[in-house]
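Subject: Structure for your review

Dear colleague,

My notes on what was found in it follow directly after.

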Number of protein chains: 2
Amino acid sequence: MQIRIVAGSNAAIYKQIADQINRAVAAGDLEVGQMLPSVRQLARELVINPNTVAKAYADLVQAGIVETQAGRGFFVAKRRQVYTKTERMRRLDESIQSLINHSFSLGFSTEEVLDRVRELFAKALRGVPESTS
Amino acid sequence: MQIRIVAGSNAAIYKQIADQINRAVAAGDLEVGQMLPSVRQLARELVINPNTVAKAYADLVQAGIVETQAGRGFFVAKRRQVYTKTERMRRLDESIQSLINHSFSLGFSTEEVLDRVRELFAKALRGVPESTS
DNA sequence: TTACTGTATTACGCGGTGTAGTACAGACGG
DNA sequence: CCGTCTGTACTACACCGCGTAATACAGTAA
């Protein structure tokens with residue numbers, strides 16, 4: 001697992017890390033039960049503070065993507081439902097509404113956006129790293 | 001044109017205003033050339049500071065959605081291209097990548113997301129107000 | 001015991017948000 | 001011309017959350 005962070009990005013470092021792992025899991029590049037690089041090791045590699053990595057991992061735990069065993073490390077978790085059905089839907093809608101607002105102000109049509117969404121989803125599942133949010 | 005702001009929202013007030021006008025224009029509820037409520041008047045209505053409304057309007061000008069005529073007011077602008085083609089695309093992709101990240105961590109499939117995007121786009125174009133970003 | 005692991009606390013800089021006040025300038029109707 | 005509406009431009013301030021960092025504490029296992 002190779003994590004890359006972009007210095008001049010508007011995206012926070014911890015978010016870049018979390019996003020890349022999130023996508024790696026979704027794409028199957030990281031398997032259930034597999035151990036993630038340790039907080040300190042990854043921090044050394046990226047030359048950042050261990051807490052920054054810890055925060056990224058904490059977010060992933062919160063999302064149910066990874067699990068932690070104190071003193072042992074972080075591991076890719078089995079998919080489980082973290083939120084209620086309505087909460088899950090509410091959060092998806094929130095993200096979509098944001099996309100809609102941006103699309104409108106950029107002057108894109110529904111179809112243009114849908115096509116591009118389809119395209120980028122496919123690319124993400126083929127394992128291409130990307131960080132934005 | 002009726003603007004509603006939600007107090008306990010994580011979205012900034014100026015953003016809620018901008019989003020609602022953005023959508024109203026996209027949905028055709030506000031026509032080209034139509035005058036927006038004045039900064040001071042809308043501020044009085046919503047019981048907020050005029051500067052907050054001005055900031056929302058400034059964002060819309062920046063996005064090319066409305067135009068301003070000093071001393072007269074803000075008016076819905078004719079659609080025009082603000083960004084270069086690549087920059088426009090870059091911004092769209094950025095929003096979509098964000099959606100993809102959220103969708104993955106929520107465990108939604110590509111198809112589920114696409115369906116929902118289609119649905120919410122349709123709803124937005126029917127003129128239902130919404131604020132998120 | 002040693003050397004790994006994660007955890008918790010605290011602190012600090014920065015920027016976004018919102019408010020407030022004040023002043024200036026263009027538009028327009030009487 | 002005057003009054004009153006419009007937007008514009010500053011400055012200042014308080015607040016708060018984000019992002020990062022430094023440091024110390026605690027669990028795990030060879």
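At roughly what angle do the axes of helix H1 (residues 13–27) of chain A and helix H4 (residues 85–106) of chain B cross? Please bear in mind throughout that this is a predicted model. The crossing angle of H1(A) and H4(B) is roughly 60°, and their axes come within 10 Å. Angles between 35 and 65 degrees fall in the oblique class, and H1(A) and H4(B) are therefore oblique to each other. The crossing in which H1(A) passes H4(B) is left-handed. On the side of H1(A), the contact is made by Asp19(A), Asn22(A), Arg23(A) and Ala26(A), while H4(B) contributes Asn101(B), Phe104(B) and Ser105(B). By class, this contact of H1(A) with H4(B) has two nonpolar, three polar and two charged residues.

The axes of H5(A) and H4(B) come within 10 Å and cross at roughly 55°, which makes H5(A) oblique to H4(B). The crossing of H5(A) and H4(B) is right-handed. From H5(A), the residues in this contact are Arg116(A), Val117(A), Leu120(A), Phe121(A) and Ala124(A). They meet Leu92(B), Asp93(B), Ile96(B), Gln97(B) and Ile100(B) of H4(B). Seven residues of the contact of H5(A) with H4(B) are nonpolar, one is polar and two are charged.

As for chain A itself, it has five helices and two strands. Their order along the sequence is α-α-α-β-β-α-α. The C-alpha trace of chain A spans about 50 × 35 × 25 Å along its principal axes. Of the 133 residues in chain A, 32% are buried. Among contacts in chain A with a separation of 6 or more, 57% join residues 24 or more positions apart.

Turning to the DNA, 22 residues lie around DNA strand C, and those that come nearest are Ser38(A), Val39(A), Gly73(A), Ala12(B) and Gly71(B). At least two residues of the surface near DNA strand C come from each of helix H2 (39–46), helix H3 (50–62) and strand E2 (73–76) of chain A, and from each of helix H1 (13–27) and helix H3 (50–62) of chain B. H2(A) provides the largest share of this surface, three residues. By class, the surface near DNA strand C has nine nonpolar, 10 polar and three charged residues.

One further residue may be noted. Lys55(A) lies in helix H3 of chain A. Is Lys55(A) counted as partly exposed or as buried? A residue needs 20 or more such neighbours to be buried and 12 or fewer to be exposed; Lys55(A) has 18 C-beta neighbours inside 10 Å, and therefore counts as partly exposed. Between Lys55(A) and Arg72(A) there are 17 Å in space, C-alpha to C-alpha, and the two are 17 residues apart in sequence.

With kind regards

Key:
Residues numbered from 1 in each chain as written. Chains lettered and ligands numbered in written order. Predicted model: local features only at pLDDT ≥ 70, side-chain atom pairs only at ≥ 80, totals over all residues. Helix = DSSP H or I, 4+ residues; strand = E, 2+ residues; numbered from the N terminus. Contact = placed C-beta atoms within 7 Å. Axes fitted to C-alpha atoms, helices over the stretch in contact; angles between N-to-C directions. Parallel < 35°, antiparallel > 145°, perpendicular 65-115°, else oblique. Left-handed = near helix turned anticlockwise from the far one by under 90°. Nonpolar A, V, L, I, M, F, W, Y, C, P; charged D, E, K, R; others polar. Near = placed C-beta within 6 Å.
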